[in-house]
Amino acid sequence: MRVEVDQPKCVASGQCVLMAPEVFDQDDDGIVELLTDRPEAEHHDGVRESVAVCPAAAIRLVAD
Amino acid sequence: MTETLADTAAGLPEHPMPRAAGCPFDPPPALHALQADSPVSRVRIWDGTSPWLITRHDHVRALLGDPRISADPTRPGYPHRSAGTKANDQARQTFLTMDDPEHARLRRMVTAPFAIKKVEALRPSVQKIVDDLIDAMLAGPKPVDLVEAFALPVPSLVICELLGVPYEDHDLFQRNTRVAVRRTSTAEEVVAAMQTLTDYLDDLLTVKRARPGDDLLSVLATERVAKGEMTQRQAAETGVLLLAAGHETTANMIALGTLALLRNPDQLALLRDTEDPKVVAGAVEELLRYLNITHSGRRRVALADIEVGGEVIRAGDGVIFANEIANRDPEAFSDPDRLDITRDARRHVAFGYGVHQCLGQPLARVELQVVYNTLYSRIPTLALATDFDQLEFKHDGIVYGVYELPVTW
């Protein structure tokens, strides 16, 4: 699994940080930051749920 | 297809629709019927126009996330909630009613304090506020109105601390917010209440600029306004938005959520007896889904022709999103009319969806988690002190809830 984020789209709802804190963080303004673009398998569910709830469609899964 | 003239609207269902007597937690039955039979259909609203009503969970998410849908109430075709909100929307605009890129620019000026780590750092203060209010309730006479003694003070105290608003002024901002969110308020009443609040915040910003503190209004005054990134009036209007949204919504979730749990004692017991933060967090999401207190419909206007659910919404058509019924969509949630705090409710749309989704949601989550995790374990015998049938619900409110909740223990 490879993850991409689109910071200009992010609206700082913070849900990805709650669902996959090992993968997503926020900068000082609450905008999404990637901690890793290749999360461990145990975090894949949290990443998928983050993609599903992100209100701004700012997170994408990319095929390798 | 642009049937927006009043005379073509006759015969359409009227929106908003009434809830069924005796079922105050459930959306209006007519919304269930529309969702099942014609999920994208026209309704008639107060001014005689006929915007579209969107009722399915997948349609709500697709359209609220679509940049061809505008939140700008000054565009022709926008379906206003009432004469009051129409007058107010024309008098002032915050990022809530703007489209990108200006929406994003202004919203980002106030997102910092709502980042997850920042609101987590507030959790001990929220816990202390909750504990102190419960101590005071337990030491005082009973029965007591939970709204006045607890549900309203908790979020008011928290948002005051975050913004830097003196809590001593709560009567002024609570009273004017109540007028602003009441659907039956006249245009003059809404505009006057919002002006009072804006003037109040404007004065506070002037004070903060001279003597800044560790709060959001000080940041707006000394950085954003001082550097010309926003005007002081924009900062004041943003402050009003955060202050009003910060206390009115969470207060209703606390009181109505408590009532829903008292009526579902098995669910209340699960919550009271758990020490697992994940169970508490899940319960908060489920109560947000089940109650969906922002029940007056999110309002938008189409910028282009958009095909959805077999219908074509034309450019210039108004669109109303009935998120309260989207959260009861059986395609999205199994057995949706049952309150089940153990379900995974995280895909609810109680905070909206798209770029305008609630800015304060991380703070609301922490407040509700602390409240639901503390109130029922500290007062395990908490009970309604009046007949359920005697309670008055905010049918006329932009935000739903109970006016009073007399409780005893």
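**Close-up 1. B:Ala383 faces B:Thr408 across a strand pair.** In this predicted model, B:Ala383 sits opposite B:Thr408, a residue of E10(B). Strand E10 (residues 406–408) of chain B runs antiparallel to E9(B), and the two share 2 bridges. Here strands (E, at least two residues) and helices (H or I, at least four) are DSSP runs, numbered from the N terminus, and two strands pair if DSSP finds at least two bridges between them.

**Close-up 2. B:Phe25 and B:Tyr290 make a tilted aromatic pair.** The whole structure has 5 aromatic pairs over all chains. In this one the ring centres are 6.3 Å apart and the planes 35° apart. Rings of Phe, Tyr and Trp (its six-membered ring) pair if their centres lie within 6.5 Å; planes under 30 degrees apart are stacked, over 60 edge-to-face, the rest tilted. The pair ties together distant parts of the chain, 265 residues apart: B:Phe25 in the segment before helix H1 (29–37) of chain B, and B:Tyr290 in helix H13 (residues 277–291) of chain B. B:Phe25 is buried, at 8% relative accessible area, and B:Tyr290 is buried at 8% too (buried is under 20%, exposed over 50%, partly exposed in between; 1.4 Å probe, protein chains only). Ring pairs also bring B:Phe388, B:Phe393 and B:Tyr400 into a cluster with B:Phe25 and B:Tyr290.

**Close-up 3. B:Tyr372 and B:Tyr376 stack within a helix.** These rings are 6.4 Å centre to centre, with 15° between the planes. Both tyrosines belong to helix H15 (residues 361–378) of chain B, and being 4 residues apart puts about one helical turn between B:Tyr372 and B:Tyr376. Both B:Tyr372 and B:Tyr376 are buried.

**Close-up 4. Two charged ends sit over tyrosine rings.** B:Arg19 places its charged end over the ring of B:Tyr400, 3.6 Å from the centre. B:Lys394 does likewise over B:Tyr403, at 5.7 Å. The test: NZ of Lys or CZ of Arg within 6 Å of the ring centre and within 35 degrees of the ring normal.

**Notes.** Residues are numbered from 1 along each chain as its sequence is written, and chains are lettered from A and ligands numbered from 1 in the order in which they are written. Local features need pLDDT of at least 70, side-chain atom pairs count only at pLDDT 80 or more, totals for chains, interfaces and linings use all residues, and side-chain values use heavy atoms, leaving out hydrogens and water.
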